[in-house]
Number of protein chains: 2
Amino acid sequence: MRKQFRELSPLADAFEVLDSLSVEVSTESVGIEKADGRLLASSVTSPIDVPGFDRSIMDGYAVIADDTVGAYDDNPVELTYGGKVHPGEQPDIDVEPGHAVEIATGAVIPSGANAVVMVEQTSRDGEAIEVFRPVTPGQNVMARGADIASGETVLRRGDRLDPRRIGLAAALGIDELTVRSRPRVGIISTGAEIIRPSTADRLAPGEIFDINSFSLANAVTDAGGEVTIFPHAADDYDVITSTFNEAVETCDIVLSTGSTSASAEDVVYRVVEDMGELLLHGIAIKPGKPTVIGSIDETAVLGLPGNPISALMTFRLFGRRLLDAEANAPTVEAKLSVAVDSEFGRTQLLPVGLVESPGEGLLVYDVDKGSGAITSLAEADGFIQIDDNVNYLDAGEMVSVQLLASHISPPDVLIGGEFCPGVDQLLDRDGPSTRWLADGAVDGARKLRDRIVDIAGVNLGDDTLGVEPRNDIERIACFERHVVLAHRGTFGLGSLESILEQADVLGTTGQQTGLYHRLETLDTSASIRTFPSQQAALRAVTEGEVDAALVLEAVTDTDEFDTVSVMWEPFDILVDGDRREKPGVTRLVEEVTSFNTEMLDGYRPPGDTS
Amino acid sequence: MRKQFRELSPLADAFEVLDSLSVEVSTESVGIEKADGRLLASSVTSPIDVPGFDRSIMDGYAVIADDTVGAYDDNPVELTYGGKVHPGEQPDIDVEPGHAVEIATGAVIPSGANAVVMVEQTSRDGEAIEVFRPVTPGQNVMARGADIASGETVLRRGDRLDPRRIGLAAALGIDELTVRSRPRVGIISTGAEIIRPSTADRLAPGEIFDINSFSLANAVTDAGGEVTIFPHAADDYDVITSTFNEAVETCDIVLSTGSTSASAEDVVYRVVEDMGELLLHGIAIKPGKPTVIGSIDETAVLGLPGNPISALMTFRLFGRRLLDAEANAPTVEAKLSVAVDSEFGRTQLLPVGLVESPGEGLLVYDVDKGSGAITSLAEADGFIQIDDNVNYLDAGEMVSVQLLASHISPPDVLIGGEFCPGVDQLLDRDGPSTRWLADGAVDGARKLRDRIVDIAGVNLGDDTLGVEPRNDIERIACFERHVVLAHRGTFGLGSLESILEQADVLGTTGQQTGLYHRLETLDTSASIRTFPSQQAALRAVTEGEVDAALVLEAVTDTDEFDTVSVMWEPFDILVDGDRREKPGVTRLVEEVTSFNTEMLDGYRPPGDTS
């Protein structure tokens, strides 16, 4: 039986419930050499005056200001050298009228003097010092306590420590600070199909590796928490209960993932209900609807969805709030590259990627492939939150992007288009950071037109398949790649024509790719099957699912397959003219144009028929 | 003798020299539970297909697509229940024509089936399942390897790890990753006047506490380095040499601070020259001119200036580059609030603070007080780099702000104006994060006019002292504060008039403050001395430097001083109307308006003469 949520709570209610779960953590003392990022637990007042003495802020001469009245280039005042004060020493000199005492920046103003003339406005000849500009009392002197007065509050409770603030504490002679202890966060993964990576090298059919324990552990660390990953709790009520029991004893916050739905098999909400207080289950948000909020004893419990990207997004939204780490949650403002639809009545969290566009700033593009794809996890830099009363955001609108963690920034170069073993090899060198949305030639051409990617690799030739290119798209390189039909000897040494005639089923990669379109143009009555990759198409040949596969020679192990040449296809690398000035793009374009295609089997320069 | 730099190198040359100092660090293996922020040392290819099996991406029924042709609400196709597949199990079912097998999201598609009908498009009655929509082959199925194909490169050398990428590794069963080891960075402080906070509670005149070792240690940690702070090396050539000797043995990079000038007493450049190679000394940049770049054995050496804010800025500019931590250096785009002058011929690093302005985004304001003030260190969020061929930036221009470290963000509320013990007490409660530029009433009124601060406390009454307020500045609260003349019994129980007549020297705080302006209006022939704070003015009374000080009753210890009432002055809290919607401002305004002034000595509600 599928139990339905009786009522979904609005997002604001969820925040209110979270805020009611005051997670009380203790405080501790840390040395200032390692206090970066910590939250100050009590305000700091200065125990001393800074400076602790009247200090010179220039290299020059300490003088009595009245002695310099009227000094100018053509009318210098002449004073007598009266000794020298070094930084760090208490001067043993009393400056008398008509005297000037040499002084370095930071040194103590000797008694009698009340100003400093900059060395650049003086000239010295033995004991005689000429002064070319007058100074007023106090000039170039920082009075005792002028910077910080003893007793002044200099850092406040709740301030997040950073190198500057820590430097300020050091300046006051404080070498330890009282900070909030890191909240202890336990992570409990659930789900019968989940296997911890450390416990198995291979998966049985139906099993998947545990992602959330590790992505969340690092997200918690990023949010300032101290993590314990508990043993995987599968989907058994008793095992989950005993894992929660163990976790709440030592943790301030417990995060669980998976098993949050309202169905009979999803037990997290029941465990929380039975062990403590279930405060909220079901939020008007997508994804994240089945999020569970509760408490067991003094420990706050947050049950996150099992889908990895949903888990990270809801942690960013709800988990950081519990950890009191919202104030420093990474967020950037960016511009929507294409319009986005949403649904009235619930808040949508839309995963997006970021790309830097010179002149426009940051652009965002939608990376939601749905269906729990791991690649959309890796491609999402953050998400935009579309409120429940909004159902459309126009291209060009500014949006606030909640980054999934701190160590996330847009790639130097965003690449789209057809998979290319040559480009793949190129990207593996030292160079700009890249992200490759290798979703095929058609998709790449479209993303280039829509100003999403900087660069795309396209094997469509002049046939743009309905994707109108823009004027400012430049072709920066062209190779030719050898396209072959690979089979398992089934057709002996038959010609291309005879194979096309005999084959019943031919395979290649999906409809977004240029290879698919080439296969469609071949003269054959065979049916076509598509596979997610050329490797998968080749495996289908091995396993007898298809008779032959249209693939690149470069990806084909010729010991294993017989191949027959189909054509040399042009492979164009196109760049958005407006993005050429991006330093990463400039650098990659250089590398691409100097890439020697002959170093790779199945590649040749364009038009080379040798 | 002051030795001059013969020639200053342009900034670009300094970067080139830094880049030539390739800091080779080793690699190490880290568990994926704690790999956040590390740099991947070698690319990762997937050892498996993801998914490892044809997977359902919906809850529903696995079917043969052909069986559903033509299904619609008024023309459902009826299929027979053929069992159930759970996630995590290898199905033992062969789907035959006319059958539908119940399947959960993530479960393995049973053999025979080639599509999944969503449960929402079906209706079940015992063994009979009605299907209301047709599906095409492959619909709601993610094919084996469709997400990630075995052998595909999923993470590249040089990628910075974050929760998403770590999740991706976990998805492939990888539980350890090879990352670049953290560069080992040694810190050597120099300077005769510098005292480590841990070695002394009090300072002798002329001494100051060591700031740079600690601010830099935390900045290095933030940049991914591992820090060793070496014992303070003062200014002795031999001590500095032996400290460098020790440091280069164990460190990849040595940072020194101070003693970098070209004067006879500044020895860092000579130590580097004598021990290894001095590559560059003197850069056309302000501050940072005397920066030293060199190498000793295999270790890179960077000699930074001694001024704390200059040290942090040059570390951000040069040090992070050596640590290979530029790509994730925190930078934000912001708008200049006021125009800025610079100087042709050298690059200027201008320390700035950040403030959020609704509708405008981030604004920056200049915080350079020069003179090595510690408060400008604490008030600088970052700096803007003004190139050597630019001498003017206009208000409103967009600039790139290099933040001094990651854990830096603008305060929730930026406050200006006169110091007020009542407001100080208020800010010490739990509340929005604040920064208070307490530079006096005149300065506060000006910063409010210039749209720098959100809120200012001003005790100027209607007298704005030439600072024209804007229309959209609102007065949100007014208290009255008791202004007194404090003396050490010198004047017995004399009246205000008699004290003003007898006193020779009166003290108060600086000319930017309202107190100074009040003192100026009093009918006295006494001369006026100003002090950096009311406490300093009171100390001058104690030490006999002035006869009496004009201060607030609230800061005066009445056991120690005799006081005579001068007036109750109005203290206005003004807010920029455009900033009221900032959440922190809204909250602080609420607290200010509900603040009970009677809880504090020397305060009363306006007009209360009781």
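**Exercise 1. Determine how many residues each chain brings to the contact between chain A and chain B, and which helices of chain B take part.**

Solution. In this predicted model, the contact draws 97 residues from chain B and 97 residues from chain A. The next step is to assign the side of chain B that touches chain A to helices. At least two residues each are supplied by helix H2 (163-171), helix H3 (212-222), helix H6 (308-322), helix H7 (374-379), helix H8 (421-427) and helix H12 (534-542) of chain B. H2(B) gives the largest share of that side, with eight residues.

**Exercise 2. Describe the surroundings of strand S13 of chain A: is the strand largely enclosed or open, and which strands pair with it?**

Solution. Strand S13 of chain A covers residues 184-189. A residue counts as buried when 20 or more other C-beta atoms lie within 10 Å of its own. Five of the six residues in S13(A) are buried, so the strand is largely enclosed by the rest of the structure.

Next, consider its pairing partners. With strand S16 (residues 226-229) of chain A, S13(A) forms four bridges in the parallel sense. With strand S17 (residues 253-257) of chain A, S13(A) is joined by five bridges, and these strands also run parallel.

A single residue illustrates both pairings. A:Val185 lies opposite A:Val227 in S16(A), and its bridge partner in S17(A) is A:Ile253.

**Exercise 3. Characterise the overall form of chain A from its dimensions, burial and contacts.**

Solution. Start with the inventory: chain A contains 13 helices and 37 strands. For 610 residues, a compact globule would have a radius of gyration near 25 Å, whereas chain A has 34 Å. The C-alpha trace of chain A spans about 110 × 75 × 45 Å along its principal axes.

Of the 610 residues in chain A, 54% are buried. Among contacts in chain A with a separation of 6 or more, 70% are between residues 24 or more positions apart.

Technical notes
Residues numbered from 1 in each chain as written. Chains lettered and ligands numbered in written order. Predicted model: local features only at pLDDT ≥ 70, side-chain atom pairs only at ≥ 80, totals over all residues. Contact = placed C-beta atoms within 7 Å. Buried ≥ 20, exposed ≤ 12 C-beta atoms within 10 Å, placed from the backbone. Pairing = 2+ DSSP bridges. Rg over C-alpha atoms; globule rule 2.2 N^0.38 Å.
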